[in-house]
Amino acid sequence: MPYFESPVDGTRLHFVDYGPATGPVIVFVNSSYFGTEMWEFQMLPLADEGFRCVGLDRRGHGRSDDVWDGFGLDSLADDVDGLLRHLDLRDVTLVGHSVGAAEVVRCLTRHPGARVARAALVGGVVPGVVRTADHAAGVDPAVVRAGNETVRRDPAAFFAAGADAFFALGLPGNDLSPEYVRGAGGPGAAGAPGRRRGGRGEGAPPRPPPR
């Protein structure tokens, strides 16, 4: 199973690598609470079309180590850059969803260079989640703290309550099964029982979201 050590603190991070090694490279960065499985409907078809599709399980997520520290954006961005360097990837398209978009932007600002050619931000939370003095459009910190407490108290209910909206189940042509949706928030998810210490990303307990 493919792993590498974080350049930040040696945390063991899991990644997937699909498609031909010589194909154009797309690296996917997940939203909070999800592992690389969230991209399976994109990575597998693209790999069949000849693209090399790489996905990273953020620390505390998926099959990466469940750790206590290192969930600031600088550390998370350095983990992404560490993956690019570990695989010596070039001319990369970085794709980030939700808090993953913030990690992509921070990675580009902290590690400018020739490895990344382009980026796609999907439903991004850039420049951050929480309202601050230099980010007036952010979410009220009290709202984020309330969300943190909901995840801490009953993560299964938190995922169930947001599943319809997250997976756009009410839109025409969406044929995802209830079983798939339940599995997406199952034992591998960062907010699931047994993984609540890590995977803080955007709004997971007990620390504030990265910025």
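1. How many helices and how many strands are there in the protein chain? In this predicted model, the protein chain holds six helices and six strands. Read from the N terminus, the elements follow the order β-β-β-α-β-α-β-α-β-α-α-α.

2. Where contacts in the protein chain join residues at least 6 apart in sequence, 70% of them link residues at least 24 apart. The accessible surface of the chain amounts to about 10,200 Å², and carbon and sulfur atoms account for 56% of that area.

3. The largest nonpolar core contains 18 residues, and the members that touch the most other members are Val 27, Leu 83, Leu 89, Val 92 and Leu 94. Two or more residues of this core come from each of β2 (12–18), β3 (25–29), β4 (52–56), α2 (73–86), β5 (92–97) and α3 (99–110), with α2 giving the largest share, four residues.

4. Which residues is Leu 83 in contact with, once its neighbours within four places in sequence are left aside? The partners of Leu 83 are Phe 4, Phe 15, Val 27, Val 54 and Leu 56, and Val 27 is itself listed with Leu 83 among the core residues that touch the most other members.

5. Apart from the core to which Leu 83 belongs, there is a second, separate core of 15 residues, which includes Phe 34, Val 151, Phe 159 and Phe 167.

6. The helix α3 deserves a separate remark. Its 12 residues reach 16 Å from the first C-alpha to the last, close to the 16 Å expected at 1.5 Å a residue. Buried within α3 are Val 99, Gly 100, Ala 101, Ala 102, Glu 103, Val 104 and Cys 107, a list in which the reader may wish to note Glu 103. The elements covering the buried residues of α3 include β3, α2, β5 and β6 (116–122).

7. Not counting residues up to four places away in sequence, Thr 36 touches Val 16, Asn 30, Met 43, Gly 55, Leu 56, Asp 57 and Arg 63. Of these, Leu 56 is also one of the contacts of Leu 83.

How values were computed
Residues numbered from 1 in each chain as written. Predicted model: local features only at pLDDT ≥ 70, side-chain atom pairs only at ≥ 80, totals over all residues. Heavy atoms only, no water. Contact = heavy atoms within 4.5 Å. Areas by Shrake-Rupley, 256 points an atom, 1.4 Å probe, with all protein chains shown as cover. Core = buried A, V, L, I, M, F, W, Y, C linked by side-chain atoms within 4.5 Å. Buried < 20%, exposed > 50% of the residue type's maximum accessible area, 1.4 Å probe, protein only. Expected span 1.5 Å × (residues − 1).
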